[in-house]
Amino acid sequence: MSSTNEVIFNEVSSLFEKVSFEKISDRKYAVSIEKRQVVSFLETLKRKGFSHMSLITCIDWIEEKEFEIVYTLFNWNTGTTLMVKTRTSREKPVVPTIMEIWPTAKFYERDIHEFFGVKFEGNPDLKPLILESWEEIPPMRKDFDPEKYSKEHFPDRAYEVDFLVKGSENDE
Amino acid sequence: MTKQQSAWEKVANMLRARSLWMLYYCTGCGAIELPPTMTSRFDMERFGISPMATPRQADILLITGYLSTKTLRRVIYTYEQMQAPKYIVGFGSCTLNGGIYYDSYATINKLDLYIPVDLYLAGCMPRPEAIVSGFKKLMEKIDRGEADGWKRYQENYEWYKKNQLSALGEVYIHDEFHE
Ligand code: SF4
C-alpha cells in the first residue's frame with residue numbers, strides 16, 4: 001500500500017463531508033474535522049497509510065472559548081506528516097478517546113486531561129500523570145497565572161540593591 | 001568568622017575536607033557540565049572528590065539546576081538518608097533565585113528555604129572552572145568548620161519542615177517506589 005498523498009486525500013475526502021486537506025509544505029498537511037467524526041476519520045486515515053500517531057496535543061483558544069486537540073500522524077510510505085485538528089467547547093471539554101485505534105494514545109490523553117482539563121470519553125484511566133498534589137485549575141490553561149502561583153507558593157530571594165545603572169529595568 | 005572547634009573537630013574537619021564523595025542529583029540542564037569536570041580535562045579527583053552512587057555513602061549532595069516540587073520531595077528524602085556530616089552545593093542560578101524559571105508554577109525559587117545549602121555556584125550554567133573553584137571554596141569552608149548546614153538542619157528542623165510543607169503540601173511521596 002504505497003499510494004501517494006493525493007490519492008489518499010481524495011479517497012478520504014470522498015468519504016467525509018466538508019474536509020479539505022491544506023498543504024503547509026511538501027511533506028506537511030493539515031486538516032480539520034468535526035468532533036463527532038474524529039474517531040472514524042482517524043481510523044480511515046490509519047488504514048490508508050497514516051499508521052503512526054506521533055503526538056496528541058492541545059491548544060487553548062481562550063478568546064474563541066474552545067480547546068483544539070491536534071493529532072499528529074505520520075505516513076512511513078510517503079514520509080508525510082498530517083495534523084488532524086478538532087475543536088471542543090471550553091465550558092464542557094469532552095472528546096472521544098482514540099485508544100481503540102492507537103493504544104498509546106492513553107498516555108497523551110492522560111497528559112492533556114491533567115494539563116488542560118479536557119475529558120476523553122472512553123479512556124478508563126485519566127488519573128494525573130506528571131503533577132503531584134495539584135489543586136488549582138489545570139496549569140496549561142491560558143487563564144492560569146503561573147507567576148502569581150509562583151509568588152504565592154515559592155518565596156523569592158530578596159536582594160539588597162546598592163547600585164543601579166540609570167535606565168536599567170529595576171530603576172523605579 | 002571561625003567557630004570554636006575542639007582539637008578533635010579540627011583534625012576531623014581537615015581530614016573530611018580532603019576526601020569527599022559526591023552524589024550529583026542532576027535535576028536540570030547543569031548536569032552536562034559534570035562529565036568534563038570529572039574526566040581528565042578538569043579532573044575533579046585530584047582534589048579528592050569522586051562520584052558516589054548512593055546517598056548513604058556520599059558527603060556532598062550536588063543539586064544541578066531547577067527543582068520542581070516533585071523533585072524536591074525526592075531531594076529531601078535523599079538528603080535525610082545521607083549520613084552527617086553532609087554538605088549541599090546548589091549549582092546554577094535556578095537553585096539560587098529560580099533562574100529563568102522564576103515564574104514557573106512547578107519549580108521552587110530558593111533552595112535554602114527547604115534544605116541547608118553550604119555553597120552556591122552562580123551561573124547559568126557554571127563552567128567546570130567555576131565548579132572546581134567552588135569545590136576549593138567548599139573544602140576551605142569544611143576545613144575551617146564553617147560548612148555546618150547539617151547542624152543547622154538539625155537545629156532548625158521545625159523551620160525547614162514548615163517551609164517544605166508550605167511549598168509542597170506534604171513531603172510524603174506516593175508512587176510505585178515509595179508506597
Ligand atoms: S541555572 Fe541555567 S543551566 Fe542551570 S538548570 Fe537553570 S536554566 Fe538550566
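A residue is called buried when its relative accessible area is under 20%, and in the predicted model described here this cut-off applies to several residues of helix α2 of chain A, which spans residues 38-48. The buried residues of this helix are A:V38, A:F41, A:L42, A:T44 and A:L45. Around the helix axis they cover an arc of only 160°, which means that they lie on the same side of α2(A). Following α2(A) comes A:G49, a residue with a positive phi, near 135°.

With a relative accessibility of 14%, A:T72 counts as buried, because the value falls under the 20% limit. When its neighbours within four places in sequence are left aside, A:T72 is found in contact with A:H52, A:M53, A:S54 and A:L55, and also with A:T81, A:L82 and A:M83.

In chain A, residues 32-149 carry the UniProt feature "domain: NADH:ubiquinone oxidoreductase 30kDa subunit", taken from an unreviewed entry.

The ligand is surrounded by residues of chain B, namely B:C29, B:G65, B:Y66, B:G92, B:S93, B:C94, B:I100, B:Y101, B:G123, B:C124 and B:M125. Sorted by class, this shell consists of seven nonpolar and four polar residues, with no charged residue in it.

Charged side chains were examined next. Side chains of opposite charge can pair when their charged atoms come close, and over all chains the structure holds 21 salt bridges. One of them joins the side chains of A:K148 and A:E152, with a distance of 3.9 Å from N to O. These two residues stand four places apart in helix α4 of chain A (residues 146-153), and therefore about one helical turn separates them. Both A:K148 and A:E152 are exposed.

A further salt bridge in chain A links A:D156 with A:K151 at 3.2 Å, again from N to O. A:D156 has a relative accessibility of 35% and so counts as partly exposed, and the value of 41% for A:K151 places that residue in the partly exposed class as well. In chain B, a salt bridge is formed by B:D148 and B:R152, whose closest N and O atoms are 3.5 Å apart. Of this pair, B:D148 is buried, with a relative accessible area of 13%, whereas B:R152 is partly exposed, with a relative accessible area of 28%. Salt bridges also join into a network in chain A, where A:E64, A:E66, A:E68 and A:R87 are linked.

Notes
Residues numbered from 1 in each chain as written. Chains lettered and ligands numbered in written order. Predicted model: local features only at pLDDT ≥ 70, side-chain atom pairs only at ≥ 80, totals over all residues. Heavy atoms only, no water. Buried < 20%, exposed > 50% of the residue type's maximum accessible area, 1.4 Å probe, protein only. Arc of directions from axis to C-beta. Near = heavy atom within 4 Å. Nonpolar A, V, L, I, M, F, W, Y, C, P; charged D, E, K, R; others polar. Salt bridge = Lys/Arg side-chain N within 4 Å of Asp/Glu carboxyl O. Contact = heavy atoms within 4.5 Å. UniProt positions renumbered as here; feature names shortened; annotations may be inferred.
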